Amino acid sequence: MDSQNKRGVQKWTRRQFMKGMGAASVALGSGSGLAAANPAEPGQGASEPPIQATLKIDLERRLGEVDINIYGNFIEHIGRCIYGGIYEPDSPLADADGDRKDVLDAARKLRVTQLRWPGGNFASGYHWQDGIGPKAKRPARYNLAWFQLEPNQFGTDEFLKVCGKIGAEPYLCVNMGTGTMDEASYWVEYCNHPGGTYYSDLRKQNGHAEPYKVKYWGLGNEMWGPWQIGHKDATDYAKAAVEFAKVMKWMDPSIKLIACGNGDPDWDRPVLQALAQHADYISVHYYALTDELKDDYEILGSTAELDALLRASAATAREVSAKAHRSTPIYTALDEWNILYNWSDGAKRNDVHKFEVPYNLRDALWVAAAFNVIHRHCASVRFANLAQLVNVIAPIQTQPDSILLLTTYYPLELYASRAGRVVLDVLNESPQFSTRNFGDQPYLDVMGTYDEGERIVKLAVVNRRKEGDALATIQFEGLSAKGPGRAFLITAPSLDAQNTLDRPHTVSIREAHFTGSGDRWQYRFPRHSITWLEFSV
Ligand code: AHR
């Protein structure tokens, strides 16, 4: 079965499961007649008058604290993600290790807190011993997940060095498809054992005297999907995963394990029951599939499906954790999320450019709203990985002599570099748009954080309305804003706008000041835009 069909099966399964789970309900807002805190600068090309919304902020109403591990990313051996992406020794832009300096710089600006590798589907056929030691002696293999040659020039030591360069914690996914328990525990030994054993001494021989102390380990990837090499049913996976978990944790009890889940209680429950004393996280993946959804509002509304999936994952994990008398629940790891297109025709065998998506403004809006959802689930989602970092469904695209930052790069940068620690429960009264798949959804998607020490509120507002702006009354409970504040805006004249080599900055972040002060003021959010507001209270 090729990758296109694999995706088709996954799509069908998810839709069936999610039926009837989405659709948040939000009341209609009304105008207040207050003056706008930003200059009345209608979104370019707006064809309809602004809608009215109200956002209510109360510092006492909190959803929890952000775990910085939600700013994770992912690199897999697929297309040009590794070879020609992060690693390109022949490039004039490569450093002494062969890593692209421009890609590393762009990753640093995204503040990637943890980085997943080597897959994805690739992990289920990967033998890590192929990728260590002298490069000339490493075997070339055929990558059966993505039908490409795997030269094994980028392996464990190269990956862990990249993590060090960008300041990310490594997150390794073990092979539970064709791999064995021995391979998994030896990998922990190679990375984390101090020395005096076969694999820890091999690591030293390969130039790394000190243990890497890799903390995060995934127990397989999407083992529930028939496209996976070594696909299993829940019972078989749970049985195998417990045995893998035991030997891996016996090798290093300090590691954290991410069990393979999918948000469906029929899979997650038996897996979590078996792993209740071993797993620290249960994974779930979400992709908005634009090939299927097609319409802009269907695509933008699909973040409701992500919201429902995260709720389902947390509910099962909480239930099983409570029954197992765990002192802390097993948390959700959304260790793949993104918006996909050209998936159905991009999976040709040996096409090195597969899945290189030219993201547009609409996709940046989707990423921002999805990030809002992830932040609002901060109590249960403690780990997340955008899939993927470079070239493959990625915000960074490489050319031989440069990189291009695509539209989705900018919301990722904004959130990871500016969000506060406490997530507020902002009351969002926004008019809604209708969708066929996800019910009615608010035009404005809103997420607020608060920096306790500096007393700064940060508000991320995604205006998903195409036809016109939104005029929102921002109202505070028991506090006042001390203007002026800072505003960061991402928008463009059209939802289709892309960054291209000729016009690399069509969609990027523009900074502005605004005057909002007091306990009630208005802000005009341009049509199809992401606005990030910061103000002292
Ligand atoms: O990110 C691309 C692929 O999507 C991953 O390899 C797999 O886990 C998922 O199906």
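A polar contact here is a pair of N or O atoms within 3.5 Å; within protein, one must be able to donate a hydrogen and the other to accept it, and residues adjacent in sequence count only if both atoms are side-chain atoms. With that in hand, welcome to a predicted model, in which local features need pLDDT of at least 70, side-chain atom pairs count only at pLDDT 80 or more, and totals for chains, interfaces and linings use all residues. Residues are numbered from 1 along each chain as its sequence is written, and side-chain values use heavy atoms, with hydrogens and water left out.

**The ligand and its shell**

- An N or O atom in the side chain of Gln388 is 3.0 Å from an oxygen atom of the ligand.
- Glu222 places a polar side-chain atom 2.7 Å from a ligand oxygen, and a polar backbone atom of Asn121 is 2.9 Å from an oxygen atom of the ligand.
- Of the ligand's own 280 Å² of accessible area (Shrake-Rupley method, 1.4 Å probe), the protein covers 99%.
- The ligand is surrounded by 14 residues (a heavy atom within 4 Å), and the closest are Glu76, Asn121, Glu222, Tyr287 and Glu336.
- This shell divides into five nonpolar, five polar and four charged residues, where Ala, Val, Leu, Ile, Met, Phe, Trp, Tyr, Cys and Pro count as nonpolar, Asp, Glu, Lys and Arg as charged, and the others, Gly among them, as polar.

**Cavities and pockets**

- On a 1 Å grid over the protein atoms alone, a cavity is a set of points where a 1.4 Å probe fits but cannot get out, while a pocket is an open set with protein on both sides within 12 Å along at least five of seven lines; lining residues have an atom within 4 Å of a point.
- Grid points are joined across faces, edges and corners, and a volume is the space filled by probe spheres set on the points.
- The whole structure has five cavities of 30 Å³ or more.
- The second largest cavity holds about 80 Å³ of space; its lining includes Ile70, Tyr71, Trp337 and Phe371, and comprises nine nonpolar, two polar and no charged residues.
- The second largest pocket holds about 270 Å³, and of its 20 lining residues the closest to the centre are Asp67, Asn69, Lys215, Tyr216 and Tyr281.
- That pocket lining divides into seven nonpolar, four polar and nine charged residues.

**Cysteines**

- There are zero disulfides (cysteine sulfur pairs within 2.5 Å) in the structure.
- Cys191 is in no disulfide, and the nearest cysteine sulfur, in Cys163, is 10 Å away.
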